[in-house]
Amino acid sequence: MPLEALSFDVDGARGGTGFLAPPAAIAFDLDGTLVDTAPDIAFALNTALQSAGLRPAEDAQVRAWIGDGPDRLIRRALEALDLEADETLVGALRDGFTRATLAAPLDRGRVFDGIDALLDRLRACGLPLRVVTNKPTELSRGVLAAAGLLARFDAVHGADRSAQRKPAPALLLEAAAGLGIATERLLMVGDSMNDLRAARAAGCPFAWVGWGYGGAPPPDAGTLLRVAHPDELAEALT
C-alpha cells in the first residue's frame with residue numbers, strides 16, 4: 001500500500017486528523033525497533049546491580065521495563081527489590097550501567113531481521129533517516145556503531161535530559177527543525193505508546209512496528225500505519 005494512500009491520526013498538540021503527503025524524512029526509535037538490545041540492557045543493569053551488592057533482575061522483567069531510559073530502568077529495578085531510590089545509589093548504578101553498556105554495546109543482542117535491507121532501501125530513495133530514542137546519545141551511538149547501523153543515519157537524537165524523553169515531543173521537534181521540515185513530514189517509527197504519544201504531541205505521523213517490545217497498540221490508538229515486518233514498511237514507503 002503506497003504511503004500517500006494512507007490517512008494518519010495526528011491528534012495532539014498540533015491537532016486534527018488529515019491526509020499526509022509522503023514523508024520527507026523518517027525518525028526511528030532504537031531499542032525494540034531497530035535493534036533487540038534487551039539482553040544487553042539486562043546484562044548492563046545486572047552488572048551494575050551486582051557491583052552494588054544487589055540481586056540481579058530476570059531478563060523478562062528487564063524487557064518489560066525498557067523504553068523510558070536508563071534512569072527509569074534503574075528505579076524500576078530498585079522498586080522490584082523494595083529499595084528506596086536514593087539519589088546516591090541511583091547515580092552509582094547509572095554509572096555502572098553506562099560503563100557496562102559502552103564496554104559491550106551489542107554482545108548479546110542483534111539487529112532485527114530485515115532492518116538492514118529496510119534502511120538501505122530508504123537511503124537509496126534519498127530519505128534522510130534519524131534516530132529518536134530515550135537512550136542517552138552516547139549510549140545510542142555506541143549501540144548503533146556496534147550494530148553496524150550508525151553510518152546509515154544522518155543524526156542521533158538521544159534523551160540526555162529528562163525533559164527530552166518521549167512521550168515529550170522535544171526530540172522529534174528537534175529532528176524536524178534540524179532537517180528544515182514541518183513535523184507533518186517526519187514519520188516516526190516505533191514500538192511503544194511513548195513513541196506514539198511523542199509523535200502525536202509533535203504532530204508527526206506514526207508507524208507502529210509489531211516486532212518490538214510494546215506488543216500490539218491498544219484499541220484506542222487511533223489510525224496509524226501498522227507493520228509486522230520491516231519488509232512491509234519498506235513496501236509502504238518506497
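This is a predicted model: local features need pLDDT of at least 70, side-chain atom pairs count only at pLDDT 80 or more; totals for chains, interfaces and linings use all residues.
Residues are numbered from 1 along each chain as its sequence is written, and side-chain values use heavy atoms, with hydrogens and water left out.

Begin by selecting Trp-65, Ile-66, Gly-67, Asp-68 and Gly-69, which are the closest to the centre of the largest pocket among the 26 residues that line it. A pocket here is an open set of points on a 1 Å grid over the protein atoms alone, where a 1.4 Å probe fits, with protein on both sides within 12 Å along at least five of seven lines, and lining residues have an atom within 4 Å of a point. The space in this largest pocket is about 400 Å³, a volume being the space filled by probe spheres set on the points, which are joined across faces, edges and corners.

Next, colour helix H2 (59-65), helix H3 (70-80) and helix H8 (193-202), each of which supplies at least two residues of the lining of the largest pocket; helices (H or I, at least four residues) and strands (E, at least two) are DSSP runs numbered from the N terminus. By class, that lining has eleven nonpolar, seven polar and eight charged residues, where Ala, Val, Leu, Ile, Met, Phe, Trp, Tyr, Cys and Pro count as nonpolar, Asp, Glu, Lys and Arg as charged, and the others, Gly among them, as polar.

Then go to the second largest pocket, which holds about 150 Å³ of space and is lined by 14 residues, with Asp-71, Arg-94, Arg-161, Ser-162 and Arg-165 the closest to its centre. H3 gives the largest share of this lining, four residues, and the lining as a whole divides into three nonpolar, three polar and eight charged residues.

The contact of H1 with H3 has six nonpolar, no polar and no charged residues.

Finish with the backbone. Select Lys-166 and Pro-167, whose peptide bond is cis with omega near 25°; Pro-167 lies in the loop between strand E7 (155-158) and helix H7 (170-179). Asp-82, in the loop between H3 and helix H4 (87-103), has a positive phi of about 60° although it is not a glycine.
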